[in-house]
Amino acid sequence: MGDTAQIGKETKSLRFVAAALILRGDEVVICQRKAGSPMGLKWEFPGGKIEAGESPEQALKRELNEELGIQALIGTHIAHLRHTYRSGGAVDLQFFAVHSFEGELVNHIFEDVRWVPLRDLPEYDFLPADRDLVRDLAAGKLL
C-alpha cells in the first residue's frame, strides 16, 4: 500500500526540463544559481521547465530567451536522464546542443554565467542531476 502512495507522489513531483549545451569550440556555457534560491550557488546548464503543450525544443528556445536573452537554434538531442532527489522530487532532463544563436548572452537570472572548457566541468559544483553528464562531457564521451 505504501509503495503505491510513493509512486503517486513521485509522478506528481516529476518535473520535465529541457537544458542547453551552448557550445563554442571546446567550451560550453554554464550558469550558477542565485544565492538564496533552491540549491543556490550550484552550477547548471541553462534551460527550464517544459510547459504543457510545448515540445522540449520550444521550451528550451523560450527559456534561453528568458534567461540569457538569446534566440537559439536548438540542435541535436544529446542526452536524456532522470534524477530523484533525496526530498523525493524528481526531474526528467533532456539536453540539446546549441551551436548557434542570435544576440549577446545577457545574464538575466543567474549569479554568474561562464564559458568553460568541457574538460574543466568537473571542477564546478553542479546540481546532482547534472553530475553524470558533466563527467561524460569532460571525458569527451557525448560530443
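Reader: Let's start with R82: buried or exposed?
Author: R82 counts as exposed because its relative accessibility is 57%. Buried means under 20% relative accessible area, exposed over 50%, and partly exposed is in between, using a 1.4 Å probe and protein chains only.

Reader: Before I go on, what kind of model is this?
Author: This is a predicted model, in which local features need pLDDT of at least 70 and side-chain atom pairs count only at pLDDT 80 or more, while totals for chains, interfaces and linings use all residues. Residues are numbered from 1 along each chain as its sequence is written, and side-chain values use heavy atoms, with hydrogens and water left out.

Reader: Ok, back to R82. Which element is R82 in?
Author: R82 is in strand β5, residues 71-84. Helices (H or I, at least four residues) and strands (E, at least two) are DSSP runs, numbered from the N terminus.

Reader: And what does the side chain of R82 make a polar contact with?
Author: The side chain of D92, at 2.7 Å. A polar contact here is a pair of N or O atoms within 3.5 Å; within protein, one must be able to donate a hydrogen and the other to accept it, and residues adjacent in sequence count only if both atoms are side-chain atoms.

Reader: Which residues is R82 in contact with, leaving aside neighbours within four places in sequence?
Author: L14, F16, V91 and D92, where contact means heavy atoms within 4.5 Å. There's also a C-alpha to C-alpha distance of 6.0 Å between R82 and L93, which are eleven residues apart in sequence.

Reader: What about L81, what does that one touch?
Author: L81 lies in strand β5 too. Not counting residues up to four places away in sequence, L81 touches V91, D92, L93, F95, A129 and L133. As for L137, 56 residues from L81 along the chain, the two C-alpha atoms are separated by 14 Å.

Reader: Switching to glutamines. Q94: buried or exposed?
Author: Q94 counts as buried because its relative accessibility is 16%. Its place is in strand β6.

Reader: Which side chain does Q94 make a polar contact with?
Author: The side chain of H77, at 3.1 Å. Q94 also touches V17, A18, A19, P56, A79 and H80, among others, not counting residues up to four places away in sequence.

Reader: And Q32, where is that?
Author: Q32 is in strand β2, residues 27-32. At 14% relative accessibility, Q32 counts as buried. The side chain of Q32 reaches the backbone oxygen of L41 at 3.1 Å. Beyond four places in sequence, Q32 touches L41, K42, W43, F110, E111 and D112.

Reader: So where does L41 sit?
Author: L41 is in the loop between β2 and β3. L41 has a positive phi, near 70°, and is a residue other than glycine. Most residues other than glycine have a negative phi. L41 counts as partly exposed, at 39% relative accessibility.

Reader: What about the phi of M39?
Author: M39 has a positive phi of about 55° although it is not a glycine. M39 lies in the loop between β2 and β3, with β3 at 43-44, and is partly exposed with a relative accessible area of 33%.

Reader: Pockets next. What volume does the largest pocket have?
Author: About 440 Å³. A pocket is an open set of points on a 1 Å grid over the protein atoms alone where a 1.4 Å probe fits, with protein on both sides within 12 Å along at least five of seven lines, and lining residues have an atom within 4 Å of a point. Grid points are joined across faces, edges and corners, and the volume is the space filled by probe spheres set on the points.

Reader: Which lining residues are closest to the centre of the largest pocket?
Author: Of the 26 residues that line the largest pocket, the closest to its centre are R15, R33, E44, G47 and L127. The largest share of the lining, four residues, comes from β1.

Reader: Zooming out, how many helices and strands?
Author: The protein has three helices and seven strands.

Reader: And how much of the protein is buried?
Author: 41% of the 143 residues count as buried. The C-alpha trace spans about 50 × 35 × 30 Å along its principal axes.
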